[in-house]
Amino acid sequence: MQAAYEAGLAGAKVLRLKRVRGALQQHNPDLDLSEFTPEVLFKNMSPADIEALDEDAFMAKINKWKSDNGLEADAVEAQRKRNAQNVEKNQADREAFGGTVKFTLATGCTTKLSKPKCAADIKQHLSGIEYIGNKCTGKRVGQPCKICIKFVGDLQEGTACKPCDQFWYPRNSAILKAAKEVQDKHGIDFGVTIVYKPCPKKRTAAPKPQGAKKAKKAKKAAPAK
């Protein structure tokens, strides 16, 4: 009610200007807003004159002030540009990996693991035993990565520092699930016992038998004696 009353007195556009000023002050506390006023932006114009301006002319004054003060004039256009930049960066990351997103499990490790084969690659990397299609072949193809084994142990303890600046990285649960199989099947020692507990499935109430529903309705409908 108060906002509607103020809009009726000063005009909707002047009220909008005050709200824009408040938002700018909130997000830019060090910004000088002394000239972001109707008297300065719209010189020699009354509130009625400002209200009579069309939308483009009204926003042009505000956007010019924002531009002169190093602010983004058009939030929608600015967001569009940021999205385009992110798409270009993501595409560059994919092309750098030959079209397949890859990642390193721990800082200091140079082995690139594949996102599409995430679980199998982690198991093979931690055990040195070959995994194809997430199934263990039993064939030794290398040695367990000591750097990543220590990292997984720290991850279980909650003290691991994940590598930064990667396009994609698996969830903790996916890493620990793979590590637990390696621990149990190949006896890899992570310094701590790897414990993986899958998220419990939501229980749904069993539907009541139709006969019980009908009997209950019939009991309610029966006249009292």
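This is a predicted model: local features need pLDDT of at least 70, side-chain atom pairs count only at pLDDT 80 or more; totals for chains, interfaces and linings use all residues.

Colleague: How is a pair of packed helices described?

Modeller: Two packed helices are described by the angle between their axes and the distance between the axes. Here, helix α2 (residues 12-27) and helix α5 (residues 55-68) have axes that come within 12 Å and cross at roughly 25°. Angles under 35 degrees count as roughly parallel, so α2 is roughly parallel to α5. The crossing of α2 past α5 is right-handed.

Colleague: Which residues of α2 and α5 make the contact?

Modeller: From α2 they are Lys13, Arg16, Leu17, Val20 and Leu24, and from α5 they are Glu55, Phe58, Met59, Ile62, Trp65 and Lys66. By class, this contact has seven nonpolar, four charged and no polar residues.

Colleague: Which residues touch the most other members of the largest nonpolar core?

Modeller: That core has 23 residues, and those touching the most other members are Leu105, Ile122, Leu126, Val152 and Phe190. Two or more residues each come from α7 (118-127), α8 (146-157) and α9 (172-186). Beyond four places in sequence, Leu105 touches residues including Ile122, Leu126, Val152 and Ile175. A second, separate core of eleven residues includes Leu33, Phe42, Ile50 and Trp65.

Colleague: Is Ser114 buried or exposed?

Modeller: Buried means under 20% relative accessible area; Ser114 has 8%, so Ser114 is buried. Ser114 lies in strand β2 (residues 113-114). Apart from neighbours within four places in sequence, Ser114 contacts Thr100, Val101, Lys102, Phe103 and Asp121.

Definitions and conventions
Residues are numbered from 1 along each chain as its sequence is written. Side-chain values use heavy atoms; hydrogens and water are left out. Axes are lines fitted to C-alpha atoms, for helices over the stretch in contact, and angles run from 0 to 180 degrees between N-to-C directions. Helices (H or I, at least four residues) and strands (E, at least two) are DSSP runs, numbered from the N terminus. Angles under 35 degrees count as roughly parallel, over 145 as roughly antiparallel, 65 to 115 as roughly perpendicular and the rest as oblique. A crossing is left-handed if the near helix is turned anticlockwise from the far one by less than a right angle, and right-handed if clockwise. Contact means heavy atoms within 4.5 Å. Ala, Val, Leu, Ile, Met, Phe, Trp, Tyr, Cys and Pro count as nonpolar, Asp, Glu, Lys and Arg as charged, and the others, Gly among them, as polar. A nonpolar core is a set of buried Ala, Val, Leu, Ile, Met, Phe, Trp, Tyr and Cys residues joined through side-chain atoms within 4.5 Å. Buried means under 20% relative accessible area, exposed over 50%, partly exposed in between (1.4 Å probe, protein chains only).
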